Amino acid sequence: MLHGVLDPQPGKLVFALFDDDKLLRQSELEMHPRDASLVPEFAEKELAACGTTLENVTRWSFGCGPGSFTFLRVVAALGAGWAAGNDKLRFRCVPGALALAAALDIAEGEKAGVIYDGRNKELLCFGVKKVDGELIPTGEELILNGPAAQEYFSANPIRLAAFASEEAVLNKLLEGKIPFSCVEPQLSALALAAGEFDNDADKMCYIRPAVNG
């Protein structure tokens with residue numbers, strides 16, 4: 001079964017199409033403010049490059065953050081619009097943090113943190129753990145300034161993952177005292193994540209809506 005993935009990431013939207021667990025195509029669209037109108041055409045062109053159309057892709061997973069309030073809503077609203085026009089199409093919103101955590105290849109029972117530039121001299125941390133072979137959120141969603149983050153991660157050492165594009169600002173906040181890995185998100189983790197295709201466009205992981213991507 002064809003399964004599409006759209007993951008809003010800092011400064012770009014990443015598309016992937018899977019046939020069951022086989023990756024058919026992955027590409028990205030650089031995004032800037034007011035670029036929302038580009039998203040539908042981008043998705044349709046990428047599907048056409050795979051020799052298919054939106055009508056043939058009836059399962060979608062959308063990365064739902066943490067991230068930009070506006071960017072996440074654009075993607076979720078697109079899915080809701082698609083579903084309104086096709087009663088066979090089902091989508092779900094999955095934390096994009098799982099794709100970063102997957103790149104850490106954490107062990108069974110291990111907890112990890114995915115950190116983001118939260119602007120305002122703060123970082124965001126989204127907790128993830130592996131249970132019965134599946135990556136799931138821990139429920140920990142933190143907003144920390146630099147000193148608080150250094151104190152927290154020193155007292156609670158876990159492996160941390162981040163986007164390479166945010167490495168400089170995160171290192172500045174952490175003053176080089178807390179190690180983290182800059183990784184390439186594995187979108188297969190979103191496609192394979194547990195959870196129903198419930199067509200719920202409101203399951204967003206903002207942590208703080210004021211964050212801008």
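Leucine 2 has aspartate 19 as its bridge partner in strand E2. The model is predicted, so local features need pLDDT of at least 70 and side-chain atom pairs count only at pLDDT 80 or more, while totals for chains, interfaces and linings use all residues. Residues are numbered from 1 along each chain as its sequence is written, and side-chain values use heavy atoms, with hydrogens and water left out.

Two strands are said to pair if DSSP finds at least two bridges between them. E1 and strand E2 (residues 12-19) run antiparallel and are joined by eight bridges. Two residues separate the strands of this hairpin, and within the hairpin glycine 11 takes a positive phi near 80°. E1 also pairs with strand E4 (residues 59-63), here in the parallel sense and over four bridges. In that pairing, histidine 3 stands opposite arginine 59 of E4. Strands of a sheet pair through backbone hydrogen bonds, in either a parallel or an antiparallel manner.

How much of strand E1 is buried? Strand E1 (residues 2-9) has seven of its eight residues buried, so the rest of the structure largely encloses it. Buried means under 20% relative accessible area, exposed means over 50%, and partly exposed covers the range in between (1.4 Å probe, protein chains only).

Strand E4 leads on to the aromatic residues. The structure holds eight aromatic pairs. Phenylalanine 62 and tryptophan 82 have ring centres 6.4 Å apart and planes at 55°, so this pair is tilted. The pair links distant parts of the chain, with phenylalanine 62 in strand E4 and tryptophan 82 in helix H2 (residues 69-85), 20 residues apart. Rings of Phe, Tyr and Trp (its six-membered ring) pair if their centres lie within 6.5 Å; planes under 30 degrees apart count as stacked, over 60 as edge-to-face and the rest as tilted. Both phenylalanine 62 and tryptophan 82 are buried. Phenylalanine 62 also forms a tilted pair with phenylalanine 91, at 5.5 Å centre to centre and 40° between the planes. This second pair again links distant parts of the chain, since phenylalanine 91 lies in strand E5 (residues 90-94), 29 residues from phenylalanine 62 in strand E4. Phenylalanine 62 counts as buried because its relative accessibility is 1%, and phenylalanine 91 because its value is 0%. Ring pairs link Phe15, Phe42, Trp60, Phe62, Trp82 and Phe91 into a cluster.

Glutamate 46 lies in helix H1 (residues 38-49) and, at 11% relative accessibility, counts as buried. Its side chain is joined to that of arginine 25 by a polar contact of 2.5 Å. A polar contact is a pair of N or O atoms within 3.5 Å; within protein, one must be able to donate a hydrogen and the other to accept it, and residues adjacent in sequence count only if both atoms are side-chain atoms. Not counting residues up to four places away in sequence, glutamate 46 touches Phe15, Arg25 and Ser27; contact means heavy atoms within 4.5 Å.

Aspartate 198 is found in the segment after helix H6 (188-192). Its relative accessible area is 25%, so aspartate 198 is partly exposed. The C-alpha atoms of aspartate 198 and arginine 90 are separated by 6.8 Å, although the two residues are 108 residues apart along the chain. With residues up to four places away in sequence not counted, aspartate 198 touches Arg90, Phe91, Arg92 and Lys203.

A further sheet is open and has five strands in the order E8-E7-E6-E9-E10, with mixed pairing. Its edge strands are strand E8 (134-145) and strand E10 (181-182), each of which pairs on one side only. Strand E6 (residues 111-117) and strand E7 (residues 122-131) pair in the antiparallel sense over seven bridges, and alanine 112 has valine 128 as its bridge partner in E7.

A search of the whole structure finds zero disulfides, a disulfide being a pair of cysteine sulfur atoms within 2.5 Å. Cysteine 64 counts as buried at 2% relative accessibility, whereas cysteine 50 counts as partly exposed at 25%.
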